[in-house]
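Q: Please take me through this structure slowly, and set each term you use against its definition before you draw a conclusion.

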Amino acid sequence: MAKTLLDQFELAKKSMPGGVNSSTRLNRAIGVPFYAAEGKGSHVRSIEGKDYIDMCCAHGAGLLGFAHPAINEALQKAMSLGYLNSFETEFHEELASKVCKAIPCAERVRFCSSGSEATMHLIRACRAYTGKKKIMRVEGHFHGYHELIYIGGQPPKDKFPDNRVKPYIESPGIPDEFAEFIIPIPYNDPFALEQAIVEHGHETAVLIMEPVNYNTGGIKPKPGYLELVRKLTAEAGIVLFFDEIQSSFKKSLGGAQKDFGVTPDVCTIGKSLGGGLPLSAFCGKSEIMDLYQPVGKVQHSGTFNAHLVPVLAGLAFMNEAEKPYFYPKLQELENQFHNGINQIIEEYDLNMVVPHHGARFNILLGRKTEAARYEETFCHNRETMFKFIKGCFDRGVYFHDYGGGPAHHGYSIQHTAQDIDTVLQVMEEVLADLREEING
Ligand SMILES: Cc1ncc(COP(=O)(O)O)c(C=O)c1O
């Protein structure tokens, strides 16, 4: 008999803390991590042999779905070349020049593996460029798990708004001293932004933000807000840093900076870029990027930086995303999904909203309109969200759980109209069952 998810969990816990390699892989809504056996297109099969439509899509990295032919071909090519770890190749330049062409702020780019790495390395260059130390960051936004920035982003309700006085340290083990460098501000609040810059502009190296806040409630910038951010940071000599690890490639090749028409000084991109393999990048104006050694003095090195396997996968991803069918197809799926879910919300008069930008969306319970800032997402009921995810799971649709919050989900280029129909049917059944709880 096949092992159950629970059997595997018990086994895995013996050798890995919590049976996982990433804390959020425990899906608390289903009580175990999803132990996968195989992925194909838009579907993933568990080790129990059950098939699911995947609405996690590798937390946003699976924009090509599983086993995409272009990525398979890239992997074959890497194999035939002997992987060539730790060398530069002509493929690195090819990918770099494609990124510089696609992303408005990218005059230069460096590749690494994860989003956390990318934000860490880029913050260093921002500090070196300005000679200043502090980091202004926006509440609700997420930029990775390292000591520099895992502070003051997503404080629990009871630590709010104290977060603005003493930024909330998001994990034990991060010394309090790191919080002294962090200045949290609310999103979409021109007055708070102006105040913070007047007070702290002289000591602030960088303002980092997700242009679309997929990490808490799918909050989009209000008209004019990003333009104001651009203007005030430029005037104050603060580097404007868009963290596009999640937003890059979701709606267009140019990322949210292209979609909203505001160009930062620097940005990070990632997730989708690797076509399912670990690849991220940091890019920006050459006067900042050329601070890295061997041109300047800022250190950025690593044995596995820009490994050939993800670089070839990244090239395959870019080639695919550049094809004329790609973004129109994603747009069709976006229209189909959101027309469908909005009809369901209306028909059952549900107190919830599903904000979206491109092929990624959030589910926010407890309000009918999109939130504009972090604290407006406190209405979201985590227990109900767990039930929603479990209900969908039992019916063959996989949503990942990030602790029940108003987190992001999505689909890939290999999802079909039929997949979306099935997902909508399942969501309707589950939401109808939970109607009282959602509206209560
Ligand atoms: C906006 C943003 N920045 C940084 C990160 C960190 O990326 P990684 O998980 O690859 O370290 C994430 C991950 O979800 C993200 O969404």
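A: The model shown is predicted. Helices are DSSP runs of H or I with at least four residues, strands are runs of E with at least two, and both are numbered from the N terminus.

Q: Where does proline 294 lie in terms of these elements?
A: Proline 294 falls in the loop between α9, residues 286-289, and α10.

Q: Why is valine 32 called buried?
A: A residue counts as buried if 20 or more other C-beta atoms lie within 10 Å of its own. Valine 32 has 21 C-beta neighbours inside 10 Å, and therefore it is called buried. Valine 32 belongs to strand β2, residues 32-33, and, leaving aside neighbours within four places in sequence, it is in contact with Leu5, Leu6, Phe9 and Asn27.

Q: What makes phi of alanine 58 worth a remark?
A: Most residues other than glycine have a negative phi. Alanine 58 is not a glycine, yet its phi is positive, at about 50 degrees. Histidine 59 also has a positive phi, near 60 degrees, and is likewise a residue other than glycine.

Q: How do you know whether alanine 58 is buried or exposed?
A: Alanine 58 has 20 other C-beta atoms within 10 Å, and so it is buried, since the cut-off is 20 or more. Histidine 59 has 21 such atoms within 10 Å and is therefore buried as well.

Q: What makes α10 a mostly covered helix?
A: Of the 14 residues of α10, 12 are buried. Among them are Leu308, Val309, Pro310, Phe317 and Met318, and what covers the buried residues of α10 includes α3, α4 (90-102), β6 (108-112) and α11 (326-347).

Q: How do you know that the length of α10 is close to what is expected?
A: The expected span is 1.5 Å times one less than the number of residues. For the 14 residues of α10, the reach from the first C-alpha to the last is 20 Å, which is close to the 20 Å expected.

Q: How is the packing of α3 and α10 described?
A: Two packed helices are described by the angle between their axes and the distance between the axes. The axes of α3 (residues 69-81) and α10 (residues 308-321) come within 9 Å and cross at roughly 145 degrees, and the crossing is right-handed. The contact involves, among others, Ala70, Ile71 and Leu81 of α3 and Leu308, Leu312 and Ala316 of α10. The residues of this contact divide into 12 nonpolar, 1 polar and 3 charged.

Q: Which residues come nearest to the ligand?
A: Of the 14 residues around the ligand, Ser114, Gly115, Ser116, Ile245 and Gln246 come nearest. Helix α5, residues 115-130, supplies the largest share of this shell, with 3 residues, and the residues of the shell divide into 2 nonpolar, 10 polar and 2 charged.

Technical notes:
Residues are numbered from 1 along each chain as its sequence is written. This is a predicted model: local features need pLDDT of at least 70, side-chain atom pairs count only at pLDDT 80 or more; totals for chains, interfaces and linings use all residues. A residue is near a molecule or strand if its C-beta atom, placed from the backbone, lies within 6 Å of it. Ala, Val, Leu, Ile, Met, Phe, Trp, Tyr, Cys and Pro count as nonpolar, Asp, Glu, Lys and Arg as charged, and the others, Gly among them, as polar. Axes are lines fitted to C-alpha atoms, for helices over the stretch in contact, and angles run from 0 to 180 degrees between N-to-C directions. A crossing is left-handed if the near helix is turned anticlockwise from the far one by less than a right angle, and right-handed if clockwise. Two residues are in contact if their C-beta atoms, placed from the backbone, lie within 7 Å.
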